[in-house]
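These are my notebook entries on one structure. They set down what I looked up, entry by entry.

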Amino acid sequence: MWKTVLRRVLLMIPQLFILSIIVFALGQAMPGDPFTGLITPQTKPEAIEALREKAGLNNPIPVQYKDWMVRILRDGNFGQSYTYKMPVSTLVGNRVANTLWLSLLTVILIYLIAIPLGINAGRYQDSAFDKGVVIYNFISYAIPSFILGLIFLLVFGYKLHWFPTGGSVDLGFKKGTFDYAMNKLYHMILPAITGAVLGTTGTIQYLRNEVIDAKTQDYVKTARSKGVPTDKVYSHHIFRNSFLPIAAFLGFTITGLLSGSVFIETIFSYPGMGELFISSINSRDYAVMNTLVLLYGFLTLLGSLLSDIIMTIVDPRIRIE
Amino acid sequence: MSFLEVNDLKVHFPVRGGFFNTIQDYVYAVDGVSFKIDEGKTYGLIGESGSGKTTIGKAIVGLEKPTAGEILYYGQLVNKKRLRKKLGYNKEVQMIFQDVLSSLDPRKRIRDIIAEPIRNHEKLTKEEEMKRILTLLDIVGMPSDALFKYPHEFSGGQRQRIGVARAVALNPKLIVADEPVSALDLSVQAQILNFLKKIQKDFNLSYIFISHDLGVVKHMCDYIYIMHRGRFVEAGTREDIYNNPQHIYTKRLIAAIPEVDAENREEARIKRIKVEQEYSEKESIFYDENGKVFDLVPISDTHYVAIKNKEDLGYVENSIA
Amino acid sequence: MENEKILEIKDLHTGFRFEDKYFDAVDGVSFSLYKNELLAIVGESGCGKSTIANSIVGLHDKNHTRVSGEIIYDDENVVNYSEEQFNKIRGKDIGFIFQDPLASLNPLHRVGEQIKEALIYHTDLTKEQRHERMLYLLGRVGIVNPERTARQFPHELSGGMRQRVLIAMALSCKPNIVIADEPTTALDVTIQAQILDLLSELQNEIHAGIILITHDLGVVAQMADRVAVMYAGQFVEVAEAKELFRNPLHPYTRSLLHSIPQSDAVGAELNVIQGMVPSLKNLSRDGCRFAPRIPWIPDSEHEKNPILHQISRDHFVRCTCWENFHFENEGGC
């Protein structure tokens, strides 16, 4: 199996290479450049031109691409953010930590809500509980994330003042202290709940259907025919099989932790990767934007590989060959 | 006279693996079989699951690409799609399947299902086509109101009739029937078997009858091939095979059939144990050191046995005759 | 103790719900099972034979099924047992073997664990003793390397091996009754023969009564002590096996036997039973249920409310239409 994993990792290189070309080309195709936003009626065109020349933006496109790639591969230098005036790697590094913590909290909340709801809805199909879960699912599926985010923000942030309305940590806390960590957590709660409510839909639906489906399987009948108590039939035979599709997505979920949610981070002005991505597009911050797209591409490929590896661990029938 | 000739047919499936996903080994599904098909005759292919019998059938109708060997139709090669088209081969050789339901498009009405081969191969007006379909339904003993129903509205036996109607729509010379009655109840099975015999007489059809049910094959077939490990172990007329089986595998297969005879069950059991014992003792006479079946050797005008030395047959007890 | 009765079923009705009505798939079945005996229930798909099996141990979906009548095991009527009550006898007193050995094993658990499961709930054995017993059972059902097989997953075994594992599982607590629902239908003939021989051998060892449910008359002829032929939810003929094949009486039994491609009449036309098995909803529940399939027999030959008549000591036939029955092409006699 490890040979196959290594092969898949090596195969990522050409895939990422092609992705980098597409990303670069699309970035070039966008109107405007990082300096467009700086132009005011008083700006001298020559000054802008000098800036462009200095940044290498006047070179032919293939040359620009080559310079970009060489910097990345030789120096690990992903470039300089024009808007934040710092190296992209440092900038992204700061944001990754924020996003990672927020996403982790979101995922934990998703599983805490979805697993009991999905499993019990499936087990007690057609009961009042099940019907309630189905209605919850309809609603959470139908609400767009920005609407729910805005409602939560308005109600719990601005009206009730239970939670902060933006940022990742308040000023005046010393990094590394317990209070600092608690304050960070406090900032994460509202966005995490929003993300969790929206994220549960798929997991609940999958689990519910899988449990209902597994109940009718022959091996469940076999287990019952052995006299296995009902609770054990569920915990031993039905649930484990029902988790297979969830496990299949686990790889993507793990890598998804790093990429963050564009909508939620933007609405709660939470300084994470998603928020950075949007602002870099708006300000034509090519270096940041390209790096992020490449990173997302890499994470997607990694997610699919992780998912396959997880599947071989949980399902003995599946082998990567 | 024979119109179809199969010479040294081989179908090998590659097994891939290793770092570069290269071909590591082959599954020798069919490994060198030859036979001829005469007009108006029925040929039985018997074997256990995985013996390669279905693969032969698929190779004949062109659903599986032979690795080596030739299939000659009136002396002309039909290994390639282009050649089959030129000779109108696909029209003359049809297949019916065990699992009819999955071979019938669930969204199509019976009318369109039966008309499909006609539309592919002939140009008929709407009226002519309808007339033909009604005749076909009549031949298979289905009422005309079946025309506008969907496959799921019929019972297993009726579906198999629809499958047959579709197969005979173009007046073929040969029908490859892959386990056509295995999924059916006894009384329905009898219906289909009678009916296959009747249309054989009416249309001078030939059948290749693939089955694991020796009783059915015995009832239907003029000439029988016993398959094991992708090769023929014995070939002969119905009488040769059932009254004078020579290969240990054939004997074992026949001894294993539960006869509808309650009086002599103890004798049957004793014989079964004896044959089983003989099978393990005499293996080296009938299989080479790699477990491969030897080439067929004639022991009479019609009867062939796969054995290394014909003389060895003398050592084998003929307890069944 | 040869004829010790271990199970008695009286007037069993099992109905399935469609919309708001119940339709009986098993419609008034009564029989007894004795120690050491193999009773075969034979019939075509949809006749209700598997439903009987599920009803005995309460394996049906309780929300859509209604069971009534008496199922007497160990002096108790178990028909309305709760799931908890059934769990005490399932696997311990009554073992079950199913048709599709691959689907019947949990794909995610090792074979050994699945066999040990019944022992956890029905015995006081320690963990080590359970492991020992599991290995013994695997060896007993003819698995050459029990230690290795125990660690394997179901998909790694052949069809015959899987069925052996299921048998080991069903017999793990030495049940008094074994219900085998089409245990060899999914297997090749040579494997079928081995599995059936194994089943007989094990029966001689634990003296269980076996209910064998099958559609294969050949298997019945080789295995059964007694046979019940089932049509449309009812037994139409019950007899000692040799008697049944020597002297089949009910028109349905005779028609079935005539439909088998037989060695002595090679190539001849096979008997076809006219019409179709009625669906549960369209089944007419008055009069002889087989009458529509033998329309050339006059109504006067049938009983108005057919019952099982005792013909001889071990032979029962439903309705009176068998007395003057002849096949359509035979003409009257």
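**Conventions.** I worked from a predicted model, in which local features need pLDDT of at least 70 and side-chain atom pairs count only at pLDDT 80 or more, while totals for chains, interfaces and linings use all residues. Residues are numbered from 1 along each chain as its sequence is written, chains are lettered from A and ligands numbered from 1 in the order in which they are written, and side-chain values use heavy atoms, with hydrogens and water left out.

**Chain A, overall.** I looked up the secondary structure of chain A and found 13 helices and 0 strands. Helices (H or I, at least four residues) and strands (E, at least two) are DSSP runs, numbered from the N terminus. Along the sequence I read the pattern α-α-α-α-α-α-α-α-α-α-α-α-α for chain A. The C-alpha atoms of chain A fill a box of roughly 85 × 55 × 40 Å along the principal axes.

**Helices α5 and α7 of chain A.** Two packed helices are described by the angle between their axes and the distance between the axes. I noted that helix α5 (residues 128-142) of chain A packs against helix α7 (residues 178-215) of chain A at about 135 degrees, with the axes 9 Å apart. This angle makes α5(A) oblique to α7(A). Axes are lines fitted to C-alpha atoms, for helices over the stretch in contact, and angles run from 0 to 180 degrees between N-to-C directions. Angles under 35 degrees count as roughly parallel, over 145 as roughly antiparallel, 65 to 115 as roughly perpendicular and the rest as oblique. I recorded the crossing of α5(A) and α7(A) as left-handed; a crossing is left-handed if the near helix is turned anticlockwise from the far one by less than a right angle, and right-handed if clockwise.

The residues in contact (heavy atoms within 4.5 Å) include A:Asp130, A:Val133 and A:Tyr141 of α5(A) and A:Val197, A:Ile204 and A:Arg208 of α7(A). By class, the contact of α5(A) with α7(A) has 7 nonpolar, 5 polar and 2 charged residues. Ala, Val, Leu, Ile, Met, Phe, Trp, Tyr, Cys and Pro count as nonpolar, Asp, Glu, Lys and Arg as charged, and the others, Gly among them, as polar.

I then checked A:Arg208, which forms a salt bridge with A:Asp130, the closest N and O atoms being 2.6 Å apart. The pair joins helix α7 of chain A to helix α5 of chain A across 78 residues. A salt bridge is a side-chain nitrogen of Lys or Arg within 4 Å of a carboxyl oxygen of Asp or Glu. I counted 38 salt bridges over all chains.

**Helices α4 and α12 of chain A.** The axes of helix α4 (residues 88-123) and helix α12 (residues 273-282) of chain A come within 8 Å and cross at roughly 135 degrees. Therefore α4(A) and α12(A) are oblique to each other. A:Leu91, A:Val92, A:Arg95, A:Val96 and A:Thr99 of α4(A) meet A:Met273, A:Glu275 and A:Leu276 of α12(A).

**Helices α7 and α8 of chain B.** Helix α7 (residues 156-168) and helix α8 (residues 186-203) of chain B pack at about 15 degrees, with their axes 10 Å apart.

**Chain C with chain B.** I found 39 residues of chain C in contact with 33 residues of chain B. The area buried between chain C and chain B is about 3200 Å², with carbon and sulfur atoms giving 55%. Buried area is the accessible area (1.4 Å probe) that two parts lose on being put together, summed over both. I counted 2 salt bridges between chain C and chain B; the side chains of B:Glu263 and C:Arg246 meet in a salt bridge at 3.0 Å, N to O.

**Chain C with chain A.** Chain C and chain A bury about 2300 Å² between them, 54% of it on carbon and sulfur atoms. On the chain C side, C:Leu108, C:Glu117 and C:Tyr121 lose the most area to chain A, together 28% of what that side buries. I also noted that C:Glu117 forms a salt bridge with A:Lys226, the closest N and O atoms being 2.9 Å apart.
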